[in-house]
Each structure stands twice: as C-alpha cells, then as structure tokens.
Amino acid sequence: MKPPRQNKISRLRNTCGALAAVIALSGCAVFGPTPTPRGSLVEADDYNQLIPGASTRADALDLLGSPTTKGAFDDNTWIYISMSTYLVPMDFPGIGKQQVVVLKFDDAGTLQTLRTLNKKDSRSVAMINSITPTPGTKINILQQILGNVGRYNPMQNMMGGGAAGGGSGMGMMNNQGPGHFGSGNSL
C-alpha cells in the first residue's frame with residue numbers, strides 16, 4: 001500500500017495531465033484556420049438584378065462597383081473575383097470559397113451575358129520543378145579575369161581616401177564602387 005502523500009501526488013499528476021490534454025485539444029478549435037476574404041465582395045442579390053440585353057455598364061458599376069479585372073484582349077469583358085482563403089502550415093493558402101462573375105458587354109455598353117463560376121469550375125495548375133535558364137548569368141574564366149581589371153587601385157590609399165575615410169578633398173571625391181567602404185572602380 002502507498003503512503004497517503006504519494007497517493008495525493010499521483011492523483012494531482014493525473015488531474016494536471018488530463019487538464020493539460022483538455023486545454024490542448026480545446027486550443028485546436030480556438031486557433032483553427034481563420035478565413036480571409038479576398039477580392040470583390042459580390043453578392044448574388046446584386047448581380048441577379050442585372051438583366052442581359054437591358055442593363056448597361058453604369059448599372060453594373062452601381063450594383064457591383066469597379067471590376068477586379070477586365071479581359072486581356074477585350075475591354076468589354078468585366079471580371080469580378082472573390083474568394084475566402086485560410087492559412088495552411090508550410091503550404092500555399094487553402095481556398096475555402098471562390099466565386100467569379102463574368103460580364104460581357106457589347107460595344108454600345110449593353111450587357112450581353114452574365115456568367116458565374118465557382119470552385120468546382122476551377123482547374124488546378126501543377127508547379128514544375130525545373131529552372132528557367134537566364135542568359136548572362138554564367139560567366140567564364142576570361143570574363144572573370146577581365147571583370148576584375150581596374151578594381152584594385154594601390155595608389156588610392158596614398159591619396160588620403162583609404163579605408164579609414166580620412167583626408168580632405170581628393171579622398172572624398174574618390175568614394176565610388178564596391179569594397180574599401182565604397183572606394184574603387186565599378187563596372
């Protein structure tokens with residue numbers, strides 16, 4: 001049989017452990033992902049008031065505001081994008097809700113079509129793990145040697161404009177380029 005003091009300590013440990021587990025699990029719900037609204041807040045009640053063939057650009061501006069973007073090659077296509085995102089640890093943000101409203105106008109400014117798209121209409125785009133070559137970033141040995149010609153000027157410290165930066169007139173005017181606190185020639 002255990003002494004009464006050890007019995008109380010073990011019950012206290014068990015109670016504290018259970019309390020810590022409850023707090024940890026309840027914290028998961030409190031600190032869960034918070035949705036963040038992005039883009040234009042477009043409500044179905046607003047864009048349902050637009051009537052193809054009768055509504056104009058001015059009506060769309062009054063009801064929905066200015067569009068998120070316009071068509072790349074057609075200014076008569078207005079696009080309203082709204083989504084709700086949430087943070088995902090160590091990854092891109094997750095998309096909770098997504099809605100796109102596409103309005104197409106004719107040249108006179110009358111609404112021709114109204115189309116709504118949601119998350120089901122979206123397409124995933126896969127990322128590629130390759131590197132795009134950039135010309136001019138690789139230099140050969142000859143370019144390295146010729147690139148360093150003229151960077152070192154041993155007479156510079158004799159003119160009073162060395163690393164200490166002391167001196168007058170002549171040294172202060174020669175403060176250009178990399179190294180030696182800004183002195184030297186640069187390419």
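**View 1. Ser-82 in strand β3 of a predicted model.** Ser-82 lies in strand β3, where helices (H or I, at least four residues) and strands (E, at least two) are DSSP runs, numbered from the N terminus. The structure is a predicted model, in which local features need a pLDDT of at least 70 and side-chain atom pairs count only at pLDDT 80 or more, while totals for chains, interfaces and linings use all residues. Residues are numbered from 1 along each chain as its sequence is written, and side-chain values use heavy atoms, with hydrogens and water left out. Ser-82 counts as buried because its relative accessibility is 11%, and the cut-offs are under 20% relative accessible area for buried, over 50% for exposed and in between for partly exposed (1.4 Å probe, protein chains only). Once neighbours within four places in sequence are set aside, Ser-82 is in contact with Arg-38, Gly-39, Ser-40, Lys-97, Gln-98 and Gln-99, contact meaning heavy atoms within 4.5 Å.

**View 2. Thr-77, also in strand β3.** Thr-77 has its place in strand β3, and with a relative accessibility of 10% Thr-77 counts as buried. Leaving aside neighbours within four places in sequence, the contacts of Thr-77 are Thr-69, Lys-70, Gly-71, Val-102, Leu-103 and Lys-104. From Thr-77 to Thr-113 the C-alpha to C-alpha distance is 9.6 Å, although 36 residues separate the two in sequence.

**View 3. The largest nonpolar core.** This core has eleven residues, namely Val-42, Tyr-47, Leu-50, Ala-60, Leu-64, Trp-78, Tyr-80, Val-101, Leu-103, Phe-105 and Leu-111; a nonpolar core is a set of buried Ala, Val, Leu, Ile, Met, Phe, Trp, Tyr and Cys residues joined through side-chain atoms within 4.5 Å. Two or more of its residues come from each of α3, β3 (77-86) and β4 (94-105), and β4 gives the most, with three residues. Trp-78, one of the core residues, touches Arg-57, Ala-60, Leu-61, Pro-67, Thr-69, Lys-70, Val-101, Val-102, Leu-103 and Phe-105, when residues up to four places away in sequence are not counted.

**View 4. Gly-53 in a loop between two helices.** Gly-53 is found in the loop between α2 (44-47) and α3 (57-64). Gly-53 counts as exposed because its relative accessible area is 56%. Apart from neighbours within four places in sequence, Gly-53 is in contact with Thr-110 and Leu-111. Thr-113 is 60 residues away from Gly-53 in sequence, yet their C-alpha atoms are 8.1 Å apart in space.

**View 5. Leu-142 and a nonpolar surface patch.** Leu-142 is found in helix α4 (residues 141-147) and is exposed, at 55% relative accessibility. Together with Leu-146 and Val-149, Leu-142 makes a nonpolar surface patch of about 320 Å². Such a patch joins nonpolar side chains (Val, Leu, Ile, Met, Phe, Trp, Tyr) within 5 Å, from residues with over 30% relative accessible area and no salt bridge, a salt bridge being a side-chain nitrogen of Lys or Arg within 4 Å of a carboxyl oxygen of Asp or Glu. Accessible areas come from the Shrake-Rupley method with a 1.4 Å probe, and for residues only the protein chains shown count as cover.

**View 6. Residues 165-172 and the confidence of the model.** The chain averages a pLDDT of 77, and 73% of the residues score at least 70, pLDDT being the predictor's confidence in each residue, from 0 to 100. Over residues 165-172 the pLDDT is below 50, and this stretch has nine contacts in the model beyond near neighbours in sequence.

Definitions and conventions: Patches are made of residues with over 30% relative accessible area and no salt bridge: like charges are joined within 9 Å, nonpolar side chains (Val, Leu, Ile, Met, Phe, Trp, Tyr) within 5 Å.
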